[in-house]
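Me: I'd like to go through this model with you. Can we take it piece by piece?

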Amino acid sequence: MLKIIFVSHLLGFLTFTQSQPGVKNQAILDLFTKSYKGDGTYYGETVDGTCQIARPLPMAASDPKISALVALNRPQFLNSMTCGMCIKVVGSGHGLGNNPIVGEHIVYVKDMCPVCHEGDVDFALDGDGRWNITMQAVQCPVGSSTIQYAFQGSNAWYIKLQIRNARIPITGVQIEKNGAWQTLTHSIDGYWLLSGGGAIADGPIKVRMTAANGQVLEDMIPRIDNDHILEGLQKVQVAFDASLPSA
């Protein structure tokens with residue numbers, strides 16, 4: 001499927017303010033608790049995407065259970081809140097084209113398909129056709145790995161932070177700055193932004209995260225180090241949630 005790439009770039013300037021710590025994100029939880037019918041399509045093997053997931057890929061995307069990277073339809077992309085989410089896609093093999101989608105596939109969201117409709121999943125694989133599928137979010141197969149962090153263009157006065165490898169999407173982030181918690185806004189390219197309010201210490205940086213199910217985690221990011229993948233000092237991960245499906 002052809003993708004309108006410039007839409008992603010235009011939307012990249014938008015940001016979204018998040019709720020207080022511990023508040024559940026019902027829109028994300030609906031993706032876990034409901035199954036959606038749509039079309040499965042292909043747009044070719046690509047590395048980049050709206051979510052800007054840097055290589056090497058996190059465990060959530062590289063586990064053997066993951067069969068493909070995908071672009072999620074725009075309505076359910078939820079302004080990039082679903083970046084890094086895992087989805088179970090089940091194909092019936094019914095549709096049109098040369099490469100049917102058959103059986104169950106666990107996939108990882110790394111991009112947005114701006115022309116897709118609710119329930120649609122666009123595979124970042126070479127293939128042909130439009131195939132009937134159902135999709136439902138699942139907890140990612142992170143194993144014993146922990147949440148990771150990546151800064152882009154950041155300094156003491158401006159933070160652009162990506163949170164990677166979460167079992168369940170992170171939907172709220174705060175950073176401790178000058179003894180007070182500062183709430184970050186979320187951008188369409190999957191980063192968390194903070195500016196103003198004075199300079200932040202070089203590190204370690206205390207971060208508080210809320211997962212879509214309301215779970216709150218705290219970690220220490222060792223330093224601001226642009227374009228490198230960092231491990232938190234506390235080695236935290238969203239706990240397995242028995243009420244939600246898993247890969």
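Me: Which ground rules apply here?

Reply: This is a predicted model: local features need pLDDT of at least 70, side-chain atom pairs count only at pLDDT 80 or more, and totals for chains, interfaces and linings use all residues. Residues are numbered from 1 along each chain as its sequence is written, and side-chain values use heavy atoms, with hydrogens and water left out.

Me: Strand 3 and strand 5: parallel or antiparallel?

Reply: Parallel, over seven bridges. Strand 3 covers residues 66-73 and strand 5 covers residues 102-113. Ala68 stands opposite Val107 in strand 5.

Me: Which residues of helix 2 are buried?

Reply: Ile28, Leu29, Leu31 and Phe32 are buried in helix 2. They cover an arc of only 150° around the axis, so they sit on the same side of helix 2. That arc is taken over the directions from the helix axis to the C-beta atoms. Buried means under 20% relative accessible area, exposed over 50%, partly exposed in between (1.4 Å probe, protein chains only).

Me: And what covers the buried residues of helix 2?

Reply: The cover includes strand 2, helix 4 (74-77), strand 7 and strand 10 (170-177). Contact means heavy atoms within 4.5 Å.

Me: Which residue caps the N-terminal end of helix 2?

Reply: Asn25. One of its side-chain oxygens lies 3.3 Å from the backbone nitrogen of Ala27.

Me: New topic. What is the order of the open sheet of four strands?

Reply: The order is 11-10-14-15, with antiparallel pairing. Strand 11 (180-183) and strand 15 stand at the edges. Each has a single partner strand, so one side of each is left without a neighbour in the sheet. The twist averages 30° from one strand to the next.

Me: How many bridges join strand 10 and strand 11?

Reply: Four, in the antiparallel sense. Ile175 stands opposite Gln182 in strand 11. In strand 14, the partner of Ile175 is Val207. Strand 10 and strand 14 run antiparallel and are joined by five bridges.

Me: Why is strand 14 described as largely enclosed?

Reply: Because six of its seven residues (205-211) are buried.

Me: How does strand 14 pair with strand 15?

Reply: In the antiparallel sense, over six bridges, with strand 15 covering residues 216-221. Met209 stands opposite Leu217 in strand 15. The two strands form a hairpin with four residues between them. In the turn, Gly214 has a positive phi of about 95°.

Me: Last topic, charges. How many salt bridges does the structure hold?

Reply: Five. A salt bridge is a side-chain nitrogen of Lys or Arg within 4 Å of a carboxyl oxygen of Asp or Glu.

Me: Which residue pairs with Arg130?

Reply: Asp39, with the closest N and O atoms 3.1 Å apart. Arg130 is in strand 7 and Asp39 in strand 2, 91 residues apart. Arg130 is partly exposed at 39% relative accessible area, and Asp39 is partly exposed at 22%.

Me: Asp189 and Lys160, how far apart are the closest N and O atoms?

Reply: They are 3.0 Å apart. Asp189 lies in the loop between strand 12 (185-187) and strand 13 (192-195), and Lys160 in strand 9 (residues 158-164), so the pair ties together parts 29 residues apart in sequence.

Me: Is Asp189 buried or exposed?

Reply: Buried, at 8% relative accessibility. Lys160 is buried too, at 13%.

Me: Which residues are linked in a network of salt bridges?

Reply: Lys206, Arg208 and Glu218. Glu218 and Lys206 meet at 3.7 Å, N to O. Glu218 lies in strand 15 and Lys206 in strand 14, so this pair ties together parts 12 residues apart in sequence.

Methods: Two strands pair if DSSP finds at least two bridges between them. A polar contact is a pair of N or O atoms within 3.5 Å; within protein, one must be able to donate a hydrogen and the other to accept it, and residues adjacent in sequence count only if both atoms are side-chain atoms. Axes are lines fitted to C-alpha atoms, for helices over the stretch in contact, and angles run from 0 to 180 degrees between N-to-C directions.
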